[in-house]
Amino acid sequence: MTETPPPRRARAEIDLGALRANVRTLRARVAPHAQVMAVVKADAYGHGAVRCARAALDAGAGWLGTATPHEALALRAAGITEADARILCWLWTPGDPWADGVEAGLDMSVSGMWALREAVEAARATGKRARVQLKADTGLGRNGCQPADWPELVGEALKAEGRGLLEITGLWSHFACADEPGHPSIASQLDVFHTMLEHAEKAGVEPEVRHIANSPATLTLPETHFDLVRPGIAMYGVSPSPELGTSADFGLRPVMTLAASIALVKRVPAGHGVSYGHHYVTEQETHLGLVPLGYADGIPRHASGRGPVLVGDRVRRVAGRVAMDQFVVDLGSDTVEPGAEALIFGPGDRGEPTAEDWARAADTIAYEIVTRIGARVPRVYLNG
Ligand SMILES: *Cc1c(COP(=O)(O)O)cnc(C)c1O
């Protein structure tokens, strides 16, 4: 049987060379003793978890981070062994495969008593010690254990460790506003973290790693690096926030380029409505180019009338609404051949927009732009 060739319609090029360079840049920003955990949740922010995980490990990341246990188990199933990388996963739900996690040698985050009990049961069931990392809610108000409940969680975890059921491998937390320079919650969370660490260590916890820094903290707050940093978005070459600077300011290069082939070019008269609702009407006779990507592919419908696309040698705006599978650009007096390349976003070298530009056009963050590129768009790996 011959394999179906990849569709010509569109592709997301993933520059693994850029990803490796970004990991090295991030490593150079942290103290030599501190490790880098490459966060590859949500299919590596849409870039492809297994390929990106391997590239990050090649470039010196020592740990991988995922949200769900299923994401972590999938990395192990793809052949990333315990010798290759430790993997921390932090978003557990009751009934999740804790025993599989123990068997796979995952580091499992525990934010409360129910999770600790599941980890202990999984250790009993497998006859293997469960590696757990206790997560502190130092002020984010999302996952993590409240300071008031911390002594009980730490105490019970230590008892289980004493019985040989657990190994407490880490103490950790997560920032709420690390991307807002000078936000008072940063110092306050750091204070609470120090207090909660001190309590746990006095009680007898000897963590391998203590960590709290995401990308913005890795890039701008060295006092938050502790033993390990957990960059996600920065590794993909995207700035965590325009307030902090551009990716170039940090020496990071965008990893994903989203490109499509123009599916149709046609001349239309003045006064012609374009796409659903006719929110765009041509002012004069013009050429329309059809871009075969839509909101099912992750092109935000909120960027209707605004999203920038490089076609030919000029950046054009989405004309009218983004539909499920396609949108239109007004080429004016220019024409291009059907099949010509449309660059939706990329590093910007060729004059194409960036994911940050799309975030602005859609009133969202660049994280959402790259992460939502759909499964219908094949990932094509460069510089593997
Ligand atoms: C997603 C996530 C990260 C990475 O965040 P970035 O802002 O992309 O660097 C780190 N830690 C946790 C707990 C996360 O959920």
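Student: How many disulfides does the count come to in this model?

Tutor: The model is predicted. A disulfide needs two cysteine sulfur atoms within 2.5 Å. Take Cys-89: its closest cysteine sulfur, in Cys-145, is 18 Å away, which is too far for a bond. By this rule the count of disulfides comes to zero.

Student: Is Cys-89 buried or exposed?

Tutor: Buried means under 20% relative accessible area. Cys-89 has a relative accessible area of 0%. Therefore Cys-89 is buried.

Student: And Cys-177, buried or exposed?

Tutor: The cut-off for buried is again under 20%. Cys-177 comes to 11% relative accessibility. So Cys-177 counts as buried.

Student: Which residues does the UniProt annotation "active site" cover?

Tutor: The annotation comes from an unreviewed UniProt entry.

Student: What modified residue does UniProt place at Lys-41?

Tutor: Lys-41 is in helix α2, residues 41-46. The unreviewed UniProt entry gives the feature at Lys-41 as N6-(pyridoxal phosphate)lysine.

Student: What does Lys-41 count as in terms of accessibility?

Tutor: Partly exposed lies between the buried limit, under 20%, and the exposed limit, over 50%. Lys-41 has 26% relative accessibility. So Lys-41 counts as partly exposed.

Student: Which residues is Lys-41 in contact with, leaving aside neighbours within four places in sequence?

Tutor: Contact means heavy atoms within 4.5 Å. With those neighbours left aside, Lys-41 is in contact with Gly-65, Thr-66, Ala-67, Glu-71 and Trp-90.

Student: Is Tyr-276 buried or exposed?

Tutor: Tyr-276 is in the loop between β12 (273-274) and β13 (280-281). Its relative accessible area is 60%. Exposed means over 50%, so Tyr-276 is exposed.

Student: Which residues is Tyr-276 in contact with?

Tutor: Leave aside its neighbours within four places in sequence. Tyr-276 is then in contact with Arg-321 and Ala-323.

Technical notes. Residues are numbered from 1 along each chain as its sequence is written. This is a predicted model: local features need pLDDT of at least 70, side-chain atom pairs count only at pLDDT 80 or more; totals for chains, interfaces and linings use all residues. Side-chain values use heavy atoms; hydrogens and water are left out. UniProt positions are given in the numbering used here, feature names are shortened, and annotations may be inferred rather than shown by experiment. Helices (H or I, at least four residues) and strands (E, at least two) are DSSP runs, numbered from the N terminus. Buried means under 20% relative accessible area, exposed over 50%, partly exposed in between (1.4 Å probe, protein chains only).
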